[in-house]
Amino acid sequence: MTQALAEPTYQELRYPAGPSPAHRHADAYRSLFERSGICMASVDLALRVQEANEPFRRELGGTTDAIGRELFDFLRVSTQTTLRRQFVRLIEGRCERITERVLGFRSEECLMPAQLTAVSIRDRSPLVSSILVMVQWDEAAADTATRTARHKVLTDLDARILQGVAMGMSTVNLAAKLYLSRQGVEYHVATMMKKLKAPNRAALVSRAYATGVLSAGMWPPVVAQEFIK
């Protein structure tokens, strides 16, 4: 179970008079809440969904009611602690907007890459009362992510080689570490490049992070278990 965020203490917070950028951002996003096709939800200071628009309910909520559930129930984030710290900064007023790459459980079927944007809301008060969250799917990477997750195209050896490539290891070093020939390493790299539609090693690593094959924010690099056969 995930733990709810502890609500911060606001006694020492001070805000300038007049409309802040947070108010302006919030007004703009609220105007899109019902009429846009973007998944949007309002969450409380414990990150529980208070209100969700129709795209959020349909694409992220699935067959269960989204209201009352924690935001992280709909996401997979390798660095959840880091993202939670960002939300604390947002709640405490130390920033007014955060953006993070995440994976969302789209229609409860598979993980899809997306960009999460969150802005603070202050309703007739200098204190943050809620947070508006927007999830935009990365359609360019979605097809590869869906196919990769569905078929679990990586073997355990593929995963170890990909992790080494992401660390910047050479073919010679990988071959020595994994007791393979150089040709064997190159074969596995080429196979992964074909599966992830990457033209070279740099693109392979970038594509692997974009589709969630490599877990974001982790060092040394780690291949997510759900992509391994």
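Helices (H or I, at least four residues) and strands (E, at least two) are DSSP runs, numbered from the N terminus. By that definition the protein chain has eight helices and six strands, and from the N terminus on its elements run α-β-β-α-β-α-β-β-β-α-α-α-α-α. This is a predicted model, in which local features need pLDDT of at least 70 and side-chain atom pairs count only at pLDDT 80 or more, while totals for chains, interfaces and linings use all residues. Residues are numbered from 1 along each chain as its sequence is written, and side-chain values use heavy atoms, with hydrogens and water left out.

**The chain as a whole**

- Buried residues (under 20% relative accessible area, against over 50% for exposed and in between for partly exposed, with a 1.4 Å probe and protein chains only) make up 47% of the 229 residues in the protein chain.
- Among contacts (heavy atoms within 4.5 Å) between residues at least 6 apart in sequence, 55% join residues at least 24 apart.

**Two nonpolar cores**

- A nonpolar core is a set of buried Ala, Val, Leu, Ile, Met, Phe, Trp, Tyr and Cys residues joined through side-chain atoms within 4.5 Å; the largest one has 30 residues, of which Phe56, Phe87, Leu116, Ala118, Ile131 and Val133 touch the most other members.
- At least two residues of this core come from each of β1 (39–43), β2 (49–52), α2 (54–61), α3 (80–91), β4 (97–106), β5 and β6 (130–137).
- Apart from this core lies another, of 26 residues, which includes Val165, Leu204, Phe227 and Ile228.
- Leaving aside residues up to four places away in sequence, Ala118 touches Phe87, Leu90, Glu96, Arg97, Ile98, Ile131, Leu132 and Val133.

**Strands**

- Seven of the eight residues of β6 are buried, so this strand is largely enclosed by the rest of the structure.
- β1 and β6 pair (DSSP finds at least two bridges between paired strands) in the antiparallel sense over five bridges, and Met40 stands opposite Met134 in β6.

**Helix α8 and the segment after it**

- In helix α8 (residues 201–210), Leu204, Val205 and Ala208 are buried.
- These three residues cover an arc of only 95 degrees around the axis, which puts them on the same side of α8, where the arc is that of the directions from the helix axis to the C-beta atoms.
- The buried residues of α8 pack against α5 (156–166) and α7 (182–195).
- Asn200 caps the N-terminal end of α8, with a side-chain oxygen 3.3 Å from the backbone nitrogen of Ala202.
- After α8 comes Gly212, whose phi is positive, near 85 degrees.
- Pro220 lies in the segment after α8, and the peptide bond from Trp219 to Pro220 is cis, with omega near 0 degrees.

- Leu47, in the loop between β1 and β2, has a positive phi of about 65 degrees although it is not a glycine, and Leu47 is buried, with a relative accessible area of 0%.
- Lys197, in the loop between α7 and α8, likewise is not a glycine and has a positive phi of about 55 degrees, but at 54% relative accessibility Lys197 counts as exposed.

Technical notes. A polar contact is a pair of N or O atoms within 3.5 Å; within protein, one must be able to donate a hydrogen and the other to accept it, and residues adjacent in sequence count only if both atoms are side-chain atoms.
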